[in-house]
Amino acid sequence: MNSRMSSELIFDKSRSGRRAFAQAPADAEASNIPSNLMRNDKPRLPEASELQTVRHFTRLSQMNFSIDTQFYPLGSCTMKYNPRACNALALLPEFSGRHPLGPVSHGQGFLTCMFELQEMLKDVTGMKGVSLTPMAGAQGEFAGVAMIKAYHEARGDHERTEIICPDAAHGTNPATAMMCGCQVVEVPTGTEGDIDFDALKSAVGPKTAGIMLTNPSTLGVFERRIKEVADLVHDAGGLLYYDGANLNAILGKVRPGDMDFDVIHMNLHKTFSTPHGGGGPGSGAVGVNDRLLPFMPIPVVGSKQVDGETVYDWLSEDDLPQSIGRLSGFMGNAGVLFRAYVYMRMLGRDGMERVSEYATLNANYLSSRLQEAGFELAFPTRRASHEFIVTLKREARSLNLTAMDLAKALLDKNYHAPTTYFPLLVPECLLIEPTETESKETLDNFVTAMIAIATAAKEGTEFKDAPYTMPVRRLDDVKAARQLDLAYRPE
Amino acid sequence: MPFIPHTEKDTREMLKKIGVDSIADLFDEIPTELKIEQLEHVPEALSEMEISRLMRQRAKMDGSPMCFIGAGAYEHHIPTAVWDIATRGEFYSAYTPYQAEASQGTLQVIYEYQTMITELTGLDVSNASLYDGASALAEASLMAVRINRRVKSGRVLLAPGVNPVYEQVAAAIAGAQGLTFERLPEDMTTGNVDFNALPEGGDPVAVVLQQPSFTGTLDDVDRITDWAHANGALMIGVVNPTSLALLKAPGRWGAEGADIAIGEGQPLGIPMSSGGPYFGFMTCKKKHVRQMPGRIVGRTTDLDDKPGFALTLQAREQHIRRSKATSNICTNQGLMVTAATIYMSLLGHEGLVNVANTCHHNTALLVDGLSALDGVERLFDGPFFHEVALKLDQPVTPLLETLADRDILAGLDITPFVGTDALLVCATETKTQGDIEACIAAFSDVLASANTNSV
């Protein structure tokens with residue numbers, strides 16, 4: 001990456017009267033819309049040629065780290081390879097050009113894929129129903145908690161308004177509970193990374209609507225007493241929500257349904273390798289067991305037999321009158337679902353299991369090597385799942401090397417940083433998730449880079465000003481928040 | 001092993017380093033009774049060649065009909081460069097720009113997007129996008145409650161032209177926090193707000209107007225905005241970005257302008273793709289920025305005083321505020337916003353005006369032709385942008401099915417929404433005069449045979 005790259009804006013290239021002429025009708029007669037409804041100001045959009053535009057955005061792309069260009073061990077995000085075929089096949093013209101409200105007569109190819117995707121996701125999660133409509137993990141969480149609430153309401157159980165979350169949970173869990181009108185009850189983590197069972201015992205009760213769990217947890221370890229947790233919550237009348245953020249760790253090995261979870265959301269952009277796209281689109285399909293089937297968000301793809309042939313169609317309000325409703329304008333992120341479908345078909349039955357096996361192998365190998373090199377693991381007595389935590393609390397104290405410093409120093413070594421300062425309960429932490437698609441050499445080279453930084457720190461080098469080789473150096477976040485500059489406005 | 005690089009030698013060495021004999025040993029903390037033997041319903045793996053063949057067969061089943069449906073998703077020409085660049089691996093396979101120094105590309109794209117979408121909507125600030133237009137209405141309504149704290153009613157008043165699905169989505173999401181959505185009275189001749197029957201009092205927290213409306217009509221945005229503000233409500237505009245090349249920007253509505261503008265970003269270079277992924281845009285007045293949900297990018301400087309870009313105002317967000325966040329939203333639709341920014345750059349203002357005018361004229365041509373047929377007339381009087389509701393003297397769906405057999409999707413049956421046999425049509429710049437004439441001729445033909453059959 002070239003540190004001298006400039007941050008010139010597309011607007012700086014604008015010249016009055018310049019256009020990419022091939023891209024719009026050259027000319028058009030003015031409309032007859034009444035003048036009081038018309039705009040009389042001119043929005044300042046760029047005025048640039050096609051080449052200038054192509055060059056500008058190509059250059060911007062080169063100012064990004066990405067999976068395609070760097071090792072990206074961002075914990076909890078499952079930054080695995082996104083096969084190019086998934087993108088190309090989702091963008092076949094018949095699929096990308098299909099109107100969402102087009103008739104099912106012109107959508108059997110699309111609906112067949114979606115139906116089969118639902119079936120495959122049911123299989124890998126051990127659930128009885130799947131709705132593909134949530135547009136991101138957080139919306140899947142919303143759908144899940146809304147279904148839990150709807151279930152209690154339908155039983156006349158109106159007092160269940162508390163959602164239990166471990167202190168290590170993703171921030172979206174408590175935020176979702178609040179969006180669903182629930183109160184959050186936080187339970188602590190025990191010393192070995194499992195949930196504090198005694199604290200959980202005293203947290204459950206007649207007000208418990210449910211518990212939101214990630215397993216393996218965000219601490220990178222498997223919740224060993226999951227069956228007891230499930231029994232405890234179920235006996236108290238609550239339901240169990242599985243946050244699928246870490247599904248990659250157990251794919252094809254253990255299913256949330258078999259752990260007695262009632263509802264799960266999957267992050268298709270993690271486990272099923274759809275693109276992260278610089279922060280989206282995600283896709284947060286939800287799976288449910290029998291209890292919650294009637295409450296699934298709509299639409300869902302259904303099938304029926306017509307003249308001996310299978311025909312796919314939408315299930316809507318009429319089929320699921322107790323549904324929590326619609327969460328998107330149409331049916332969710334169909335194009336993302338296509339990519340997940342292609343990925344799953346390419347992996348096949350055995351490939352699913354290999355995902356979790358090699359993701360776990362890579363994580364355990366990397367943690368062993370880093371531990372051997374002198375880095376401290378947050379949970380050294382535990383087996384890593386698909387990710388693990390290194391804590392720099394010792395280095396921060398003795399070498400003035402914080403998690404932030406190490407993250408920035410890694411950028412200069414051409415590695416994306418792991419997730420830093422999450423989970424909040426581990427001081428100076430790095431949450432590292434290598435994924436199954438990285439080779440041993442990549443992991444070895446990463447260890448070499450980590451050792452080099454630690455060694456330099458021991459020899460007195462400070463990394464407070466790193467990175468040095470990026471297009472920009474550390475940015476002034478305080479200024480960004482105090483002197484808000486959120487859009488370019490020429491003088 | 002698709003996408004897994006390990007050789008047998010690698011695996012052996014790695015297991016040895018870990019100190020276990022087999023990969024199975026790595027799962028020894030998971031209770032044995034929970035483990036499964038084999039998945040039942042996932043088929044065997046396909047090679048890229050095999051899946052490509054299968055997907056092409058499936059695509060053929062969907063065909064490429066000529067499409068005159070709009071209703072919230074619109075077929076526009078998408079410049080080749082848009083997706084060529086947006087799917088470059090550096091954009092496609094990057095994540096949320098947490099490490100700002102290594103994500104300046106994505107961050108600058110979002111800053112440029114925020115600039116363009118605020119220019120189009122005439123408002124001060126934008127977030128980095130939401131999931132889609134419908135869910136953006138839910139977020140805007142919740143945002144209005146946070147801004148308009150004085151008002152405790154939780155009542156959001158929707159103009160008659162707000163997309164009915166948007167209302168369903170907003171109710172499903174924001175209803176959980178006690179918000180209620182009610183419709184303003186409708187003038188049955190125009191499909192717009194009936195100003196003679198507007199309610200008094202009731203303390204609404206916000207008023208929502210969609211321009212152009214779901215049925216394609218254009219309402220008196222100034223008058224409604226002023227009425228909303230006079231009644232202590234915030235004004236939320238739901239707008240189509242293509243139409244903003246021509247139509248008054250929400251920031252200029254009425255004396256004070258709308259407070260929040262949202263909409264579906266799909267027309268800006270995003271393929272229709274059966275409904276997503278799209279992106280919802282949201283802009284607002286600067287004074288409301290701290291109540292806005294979602295990511296926001298700001299321009300700042302680095303240690304060398306050089307300009308650069310970073311996520312800002314993160315104290316609103318779930319990963320910092322947890323249960324006190326403005327929303328649980330975590331992602332934006334980054335890739336879609338990247339495409340839209342390239343699209344807007346390639347079109348520019350002049351290009352977008354020409355697209356909008358061509359859409360308008362094509363729709364006028366289609367509507368003139370269809371409403372000249374017996375048994376077809378416009379449902380509402382008044383001006384339109386690129387979508388019009390037509391009233392039919394017979395059930396709509398059978399006609400549409402017959403036309404679909406001829407690979408013409410002649411519009412959307414909106415009978416359930418408007419309570420009379422009606423069709424919503426749209427002709428964008430992608431249609432030629434020949435396409436439109438073919439649609440009118442086929443429609444005429446199908447109407448004629450329907451009438452013959454019913455006699």
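Is S35(A) buried or exposed? S35(A) is exposed, because 7 other C-beta atoms lie within 10 Å. Behind that answer is a simple count: a residue is buried if 20 or more other C-beta atoms lie within 10 Å of its own, exposed if 12 or fewer, and partly exposed in between, with C-beta atoms placed from the backbone. You will find S35(A) in the segment before helix 1 (50-61) of chain A. From S35(A) to L121(A) the separation is 86 residues in sequence and 53 Å in space, C-alpha to C-alpha.

Before we go on, a word about what you are looking at. This is a predicted model, in which local features need pLDDT of at least 70 and side-chain atom pairs count only at pLDDT 80 or more, while totals for chains, interfaces and linings use all residues. Residues are numbered from 1 along each chain as its sequence is written, and chains are lettered from A and ligands numbered from 1 in the order in which they are written.

Let us take chain A as a whole. Chain A has 14 helices and 13 strands; here helices (H or I, at least four residues) and strands (E, at least two) are DSSP runs, numbered from the N terminus. Of its 491 residues, 61% count as buried. The C-alpha trace of chain A spans about 75 × 70 × 45 Å along its principal axes. Among contacts in chain A between residues at least 6 apart in sequence, 75% join residues at least 24 apart; two residues are in contact if their C-beta atoms, placed from the backbone, lie within 7 Å.

A few local details of chain A deserve a visit. G280(A) and P281(A) are joined by a cis peptide bond with omega about 5 degrees, and P281(A) sits in the loop between helix 9 (268-271) and strand 7 (286-288) of chain A. Another cis peptide bond, with omega about 5 degrees, joins A466(A) and P467(A). P467(A) belongs to the loop between helix 13 (440-458) and helix 14 (477-482) of chain A. Then there is D307(A), which has a positive phi of about 50 degrees although it is not a glycine. D307(A) lies in the loop between strand 8 (300-306) and strand 9 (309-315) of chain A, and it is exposed because 5 other C-beta atoms lie within 10 Å.

Now turn to chain B, whose secondary structure comes to 13 helices and 15 strands. Of the 455 residues of chain B, 62% count as buried, and its C-alpha trace spans about 80 × 55 × 50 Å along the principal axes. L313(B) is a residue other than glycine with a positive phi, near 55 degrees. Look for L313(B) in the loop between strand 10 (307-311) and helix 9 (318-321) of chain B. L313(B) counts as buried because it has 20 C-beta neighbours inside 10 Å.

Chain B is also described in domains, with bounds that come from an automatic or database domain assignment. The assignment gives domain 1 (66-75 + 349-454) and domain 2 (80-342). The centres of domain 1 and domain 2 of chain B, taken over C-alpha atoms, are 29 Å apart. Where they touch, 23 residues of domain 1 of chain B are in contact with 21 residues of domain 2 of chain B. The largest share of the domain 1 side, 6 residues, comes from helix 10 of chain B.

Finally, how do the two chains meet? In all, 168 residues of chain A are in contact with 163 residues of chain B. Helix 10 (residues 334-372) of chain A gives the largest share of the chain A side, 22 residues. By class, that side has 83 nonpolar, 49 polar and 36 charged residues. Ala, Val, Leu, Ile, Met, Phe, Trp, Tyr, Cys and Pro count as nonpolar, Asp, Glu, Lys and Arg as charged, and the others, Gly among them, as polar.
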